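Reader: I would like to go through this model feature by feature. Please give the general idea before each case.

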Amino acid sequence: MCHITGCSVPTMVAAVLRRRLGKGTRESWPVDASLLTCGTDAAYSEPLVPWLSPLGISGSGKRDHMVLIMRAQNHIHGLAAGPPRFSPLMSQPLMEFCLGVPTWIWAHGGRNRALARAAFAQELPPAVLARTSKAGPDSFVRQIFALNRNSIAERLLDGLLAANGVIDRHAVEAALRTDERDDNSMFGRILDLLEAENWARSWTR
């Protein structure tokens with residue numbers, strides 16, 4: 001794990017101890033009340049579906065694995081209109097197999113996704129097999145946000161969330177004016193609210 005993350009052995013040992021003692025754990029879906037009106041966070045602090053609570057595996061790598069799968073599920077099997085979507089990589093047999101693999105095997109030899117790399121070793125170029133990092137979509141999303149800032153502002157500030165007092169209009173206006181290239185920018189939170197606005201409007205068509 002030190003090889004994968006690039007941290008020192010003492011740093012990794014300290015992280016393991018914090019996790020074992022319960023000091024490094026956090027909620028899988030913590031409440032984010034930023035840009036909302038006062039009081040809205042208290043009423044909805046409980047999880048809608050406490051899937052992970054009865055499993056008895058808090059603080060384990062397997063729990064983290066399940067959290068990652070559930071986060072991705074929203075993007076793969078969403079509520080968007082159109083024909084039904086199905087991802088073969090999310091099929092039940094494959095999910096059960098992956099969750100049945102001990103977590104340390106996925107990092108065997110100091111490489112992440114070690115089992116998948118071994119399975120496709122004969123099919124992929126060496127450069128792909130040896131790759132340990134890749135660029136994410138963050139910079140692209142920031143550009144899209146900048147290009148559509150005015151449309152996003154109009155949709156949020158004149159939308160259902162604002163009309164029903166869910167979002168703090170002044171806070172949203174201030175967040176929209178920030179530079180999306182800044183690490184402290186709230187463009188990601190704005191996009192979360194935009195997704196909620198689009199979902200709310202889908203029920204009024």
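Reader: Which residue just after α2 takes a positive phi?

Author: G22, with a phi of about 80°. Helices here are DSSP runs (H or I, at least four residues; strands are E, at least two), numbered from the N terminus. Helix α2 covers residues 9-20. Its 12 residues reach 16 Å from first C-alpha to last, close to the 16 Å expected at 1.5 Å a residue; the expected span is 1.5 Å times one less than the number of residues.

Reader: What is the basis of these values?

Author: This is a predicted model, in which local features need pLDDT of at least 70 and side-chain atom pairs count only at pLDDT 80 or more, while totals for chains, interfaces and linings use all residues. Residues are numbered from 1 along each chain as its sequence is written, and side-chain values use heavy atoms, with hydrogens and water left out.

Reader: How do I read the packing of α8 and α12?

Author: Two packed helices are described by the angle between their axes and the distance between the axes. Axes are lines fitted to C-alpha atoms, for helices over the stretch in contact, and angles run from 0 to 180 degrees between N-to-C directions. The axes of α8 and α12 cross at roughly 70° and come within 11 Å. That makes α8 roughly perpendicular to α12 (65 to 115 degrees; under 35 is roughly parallel, over 145 roughly antiparallel, the rest oblique).

Reader: Which residues of α8 and α12 meet?

Author: Contact means heavy atoms within 4.5 Å. From α8, D138, V141, R142 and F145 meet F187, I190 and L191 of α12. By class, this contact has 5 nonpolar, no polar and 2 charged residues (nonpolar: Ala, Val, Leu, Ile, Met, Phe, Trp, Tyr, Cys and Pro; charged: Asp, Glu, Lys and Arg; polar: the others, Gly among them).

Reader: Is R142 buried or exposed?

Author: R142 counts as buried because its relative accessibility is 16% (buried is under 20%, exposed over 50%, partly exposed in between, with a 1.4 Å probe and protein chains only). Leaving out residues up to four places away in sequence, R142 touches E180, R181, D182 and F187. A146, also placed in α8, counts as partly exposed at 31%.

Reader: At what angle do α9 and α12 pack?

Author: Helix α9 (residues 149-157) packs on α12 (residues 187-202) at about 55°, with the axes 10 Å apart. The two are therefore oblique to each other. Among the residues making the contact are I152 and L156 of α9 and L194 of α12.
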